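Please read it alongside the structure shown here.

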Amino acid sequence: MTFVSTITLVFFVLLAVVAVAIGKMRSLFAAVMLSGIFSLLSASLFVLMDAVDVAFTEAAVGAGISTVLMLMVLHLTSDKETHSNEVKVFPLLIAVLCGAVLLYATQDMPHFGDPNAYIHQSATADHYLNQSYDDSHIPNIVTTVLASYRGFDTLGETTVVLTAAVAVMLLLGRPKEEEHDLSKSPDPIIEVGAKMLIPYILLFALYVQFHGDFGPGGGFQAGVMFAAAYILHALSGTVRSAQEAASENVVEKLIPLGVLLYAAVGVWCVLKGGNFLEYNALDPEHPAHGQHLGILLVELGVGITVFSAMLMIFYKFALRGREVR
Amino acid sequence: MLQIIGSVILLLGTFICMFGAIGLLRLPNFFARTHGASITDTLGALLCIVGMVVFTFGMDDPMKFNLLVVVKLVSIGVFLLVTSPIAGHALTRSAYRRGLNGKGAPNLEDVANLPFGIHGAADTRELLEGGEEWVSREARSEQEPNNSDNLNSGEQS
């Protein structure tokens, strides 16, 4: 067993331990914290597996934003699990059945790093690996697959993010004015510390956004990091002060704007005489330049939508609460 | 030679992390335990990073990639230096503000009134209390009758 696979195994064991601990935990507050730890462990696992871009997202969303959202939900409800001694047979049966089916299904999964796995043998994977640089002159194959070869998929994913944000906005609605009772005196130490960090987080998010062609990153990761910076600002100070930096009205309009930008690039390709999202048509003399331009704009659209959707969901939860620190 | 020095510093860092972990498990109350956690975060992690920097300088380096590694390590160190103490502060502050008393919890009102004094104790009290009207520990424990040493049982503010 190699060194890396030993570490991987240790991480998987820790993941299982944390998962069991979450299940046994009565205090929901501690369970939320443990789920944050679970996400950080999975992020470390993704780094070990050389999927740094996924690790970014997992660390920012799983450990950061979703933990904050869960804490806010606990603030609105109660942080104790209601206890009952009665054993519910039907839900137990369903859980056991689902677990058994999943365990049975894992038998068909290829081993970790198996060269004979289907994904390594399919013709599309070969095509992507061999052709992507010639097609678009972009060294990061993940970006070309995400934004160009599978541009339709990504458009769908961005629309899913939009739908989620719209659903949260519909469910939580506009808060009443008197509910804006936010923390009067935020802690200066935390506030100053956050102010020192926020510029670097924003800068790194921009780097991840626009360097996605060459290194790990792209719109999803950058959008999440941008939102995390604003949420840090809101948590260290007040939600009001974050809203002065990015007002709810503007954020609200940015959510569909990103999807619109994505779709507009597709329509632009059609107008230039190509197919929908066929970036080669953007610059007929240099198809690779067209690919570059199209991927850049599309990733920007994804980034805008993800950023504003995350921030909007945070605002909606934050302004429901009586007091947010 | 540099590699040996680096390894020794790295080993020292891991020992400090281990002491922090032991402290986290063995110290008597929440506020003392945060001390163990902060040691792991600050001194332990920073010593590890310094050790890695010294180790990297000792490596053969025909391509001059080492400088990049060192810059990355130093920036990680700077971020840790900023975030870890603040995280420890936030943890202690929120526990104190939620009324976590228990055995051995600091009574900052007493600290401020001590004859020999601790410099800045009054300011510390103001920071912890967030500038709100000061309520003594006894008065607070009357309002919120849960004085358990367990964070989970702290009442929501």
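## Helix α1 of chain A

Helix α1 of chain A covers residues 3-24, where helices (H or I, at least four residues) and strands (E, at least two) are DSSP runs numbered from the N terminus. Its 22 residues reach 32 Å from the first C-alpha to the last, close to the 32 Å expected at 1.5 Å a residue, the expected span being 1.5 Å times one less than the number of residues. α1(A) is hardly covered, since the count of buried residues among its 22 residues is 0; a residue is buried if 20 or more other C-beta atoms lie within 10 Å of its own, exposed if 12 or fewer, and partly exposed in between, with C-beta atoms placed from the backbone.

## Basis of the model

This is a predicted model, in which local features need pLDDT of at least 70 and side-chain atom pairs count only at pLDDT 80 or more, while totals for chains, interfaces and linings use all residues. Residues are numbered from 1 along each chain as its sequence is written, and chains are lettered from A and ligands numbered from 1 in the order in which they are written.

## Chain A as a whole

Chain A has 13 helices and 0 strands, and its C-alpha trace spans about 65 × 50 × 40 Å along its principal axes. Of its 325 residues, 34% are buried. Among the contacts in chain A between residues at least 6 apart in sequence, 70% join residues at least 24 apart, a contact being a pair of residues whose C-beta atoms, placed from the backbone, lie within 7 Å.

The domain assignment of chain A gives domain 1 (1-127) and domain 2 (141-325), with bounds that come from an automatic or database domain assignment. The centres of domain 1 and domain 2 of chain A, taken over C-alpha atoms, are separated by 25 Å. Across the boundary, 14 residues of domain 1 of chain A are in contact with 20 residues of domain 2 of chain A. The side of domain 1 that touches domain 2 divides into 10 nonpolar, 3 polar and 1 charged; here Ala, Val, Leu, Ile, Met, Phe, Trp, Tyr, Cys and Pro count as nonpolar, Asp, Glu, Lys and Arg as charged, and the others, Gly among them, as polar.

## The α2 and α3 pair

Two packed helices are described by the angle between their axes and the distance between the axes. In chain A, helix α2 (residues 28-48) and helix α3 (residues 52-76) pack at an angle of about 175°, with their axes 7 Å apart; the axes are lines fitted to C-alpha atoms, for helices over the stretch in contact, and angles run from 0 to 180 degrees between N-to-C directions. That angle makes α2(A) roughly antiparallel to α3(A), on a scale where angles under 35 degrees count as roughly parallel, over 145 as roughly antiparallel, 65 to 115 as roughly perpendicular and the rest as oblique. The contact includes A:L28, A:F29 and A:V32 of α2(A), and A:V52, A:V54 and A:A55 of α3(A). Its residues divide into 15 nonpolar, 6 polar and 1 charged.

A:D50 is found in the loop between α2 and α3 of chain A. A:D50 has a positive phi of about 65° although it is not a glycine, and it counts as exposed because it has 9 C-beta neighbours inside 10 Å.

## Covered helices and a buried loop residue

Which helices of chain A are mostly covered? One of them is α10(A), with 18 of its 18 residues buried, and another is α13(A), with 25 of its 32 residues buried. Helix α10 (residues 219-236) of chain A reaches 26 Å between its end C-alpha atoms, close to the 26 Å expected. For helix α13 (residues 287-318) of chain A, the end C-alpha atoms are 46 Å apart, in agreement with the span that its 32 residues should have.

A:L277 lies in the loop between α12 (248-271) and α13 of chain A. A:L277 has a positive phi of about 65° although it is not a glycine, and it is buried, with 23 other C-beta atoms within 10 Å.

## Chain B and B:L47

Chain B has 6 helices and 0 strands, and 13% of its 157 residues count as buried. Of the contacts in chain B with a separation of 6 or more, 70% are accounted for by residues 24 or more positions apart.

B:L47 is found in helix α2 (residues 30-57) of chain B and counts as partly exposed, because it has 19 C-beta neighbours inside 10 Å. Not counting residues up to four places away in sequence, B:L47 touches B:I9, B:L12, B:G13 and B:I16. The C-alpha atoms of B:L47 and B:L12, which are 35 residues apart along the chain, are separated by 7.2 Å.

Terms used
Two residues are in contact if their C-beta atoms, placed from the backbone, lie within 7 Å.
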